[in-house]
Amino acid sequence: MGTGWRRSAVVAAVGLALAGCGQAAKSSGGGDAIGKLEIMAPADPGGGWDQTARAMQTAVSGAKLAGSVQVSNVGGAGGTVGLQKLSTERSESFLMITGLVMVGAVETNSAKTRLEDTTPIARLTAEDEVVVVPADSPHKTIDDLLKAVDEKGKGVSITGGSAGGTDHILAGLLLKAKNIDPAKLNYVPYSGGGESLAALLGKKVDAGISGVGEYREQIKAGKLRALGTSGPAAHPDLNAPTFKDLGVELINWRGVVAPGGISAAAKDRLTKLVTDMHASQQWKEELTKKGWTDTFLTGNEFSTFLSKEIGRVKPALQDIGLIK
């Protein structure tokens, strides 16, 4: 009886050890789980892409959807430097933040690697653009600013994100709405929102354009004045008009893509992770905190949306003289 008990105990112990190994494999990336998730923000710290990556990190970690989450920054050329790096990435647990800015930057930089070379995973958010000036600026309205550009040309500087991105496109559309020669635009691009904010607060530029989230706190603190927003309705957090009277409307969206050529199983795993993140309380809190609009979209719907965006941006850039 004693020998049989010992034999049973050994078998039970081995069974528990094997079960433990199976659980460890699953939590480190086997099965449906992702052990280490890497998220690249293809811009310097402080901007919208960086904020999105870190909001995802907070939500995924808080909801325990991955063993660990690492965020990296690869800035330059409207995200196309990061896009090029993504093309060499071999991990199947890797996501890169993207958005309308990158769609334009691919065209203006004649990038060899394009968004068509990635694996679309999900659209996450949309955000109004806002045009701001330092609080003591003589420009009280958007008409004041555009009139100054028309009269002084390059003597008026407007900062924003990378050349050809959403901020640059909005500047061009506003000039076009007033029949101002786009050649008069003195646009000062930065790869991160933190740099453009520093230029504004340091009075190195006359005005700035960015997503509301990047400038909102400084507007609320009274250090910047909002001249208007680009969405279809007035932004609930800002006492500022829209540009609808000028016939200008532009929404900046952000999402995530994975390296091209990943397996179908890896794509499904990443899509499930982002879908679970979207449903989490942690992500809802991040949306509220940042003032982002939830525009979640996955699968074929996101792929179709991305194709349409790529198709419409090039003509828009041509219209405002950013590309030929």
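Predicted model: local features only at pLDDT ≥ 70, side-chain atom pairs only at ≥ 80, totals over all residues.
**Entry 1: helix α5**

I began with the buried residues of α5, which pack against β4 (119-134), β5 (157-160), α6 (166-177), β7 (207-211) and β8 (224-229). I take contact to mean heavy atoms within 4.5 Å. Buried stands for under 20% relative accessible area, exposed for over 50%, and partly exposed for what lies in between, with a 1.4 Å probe and protein chains only. Helices (H or I, at least four residues) and strands (E, at least two) are DSSP runs, numbered from the N terminus.

Residues are numbered from 1 along each chain as its sequence is written, and side-chain values use heavy atoms, with hydrogens and water left out.

Which residues of α5 (residues 142-152) are buried? I found Ile 142, Leu 145, Leu 146, Ala 148 and Val 149. They sit on the same side of α5 because they cover an arc of only 155 degrees around the axis; the arc is that of the directions from the helix axis to the C-beta atoms. Just after α5, I noted a positive phi of about 55 degrees at Gly 153.

**Entry 2: helix α7**

Next I looked at α7 (residues 193-201), where Gly 193, Ser 196, Leu 197, Ala 199 and Leu 200 are buried. Their arc around the axis is only 160 degrees, so they lie on the same side of α7. Their cover includes β4, β5, β7, α8 (212-220) and β8. After α7 comes Lys 203, with a positive phi near 60 degrees.

**Entry 3: Ser 157**

I then picked Ser 157, in strand β5. Is Ser 157 buried or exposed? Its relative accessibility is 9%, so Ser 157 counts as buried. Leaving out residues up to four places away in sequence, I see Ser 157 touching Asn 186, Val 188, Lys 204, Val 205, Asp 206 and Ala 207.

**Entry 4: helix pairs around α9**

For the angles, axes are lines fitted to C-alpha atoms, for helices over the stretch in contact, and angles run from 0 to 180 degrees between N-to-C directions. Angles under 35 degrees count as roughly parallel, over 145 as roughly antiparallel, 65 to 115 as roughly perpendicular and the rest as oblique.

α2 (residues 48-62) packs with α9 at about 85 degrees, their axes 9 Å apart, so the two are roughly perpendicular. Met 56, Ala 59 and Val 60 of α2 make this contact with Leu 273, Val 274 and Met 277 of α9.

The axes of α9 (residues 264-279) and α10 (residues 281-290) come within 5 Å and cross at roughly 65 degrees, so I logged α9 and α10 as roughly perpendicular too. Here Met 277, His 278 and Ala 279 of α9 meet Gln 281, Trp 283 and Lys 284 of α10.

**Entry 5: the whole chain**

Last, I wrote down the totals. The protein chain has 11 helices and 10 strands, and 50% of its 324 residues are buried. Of the contacts with a separation of 6 or more, 77% come from residues 24 or more positions apart.
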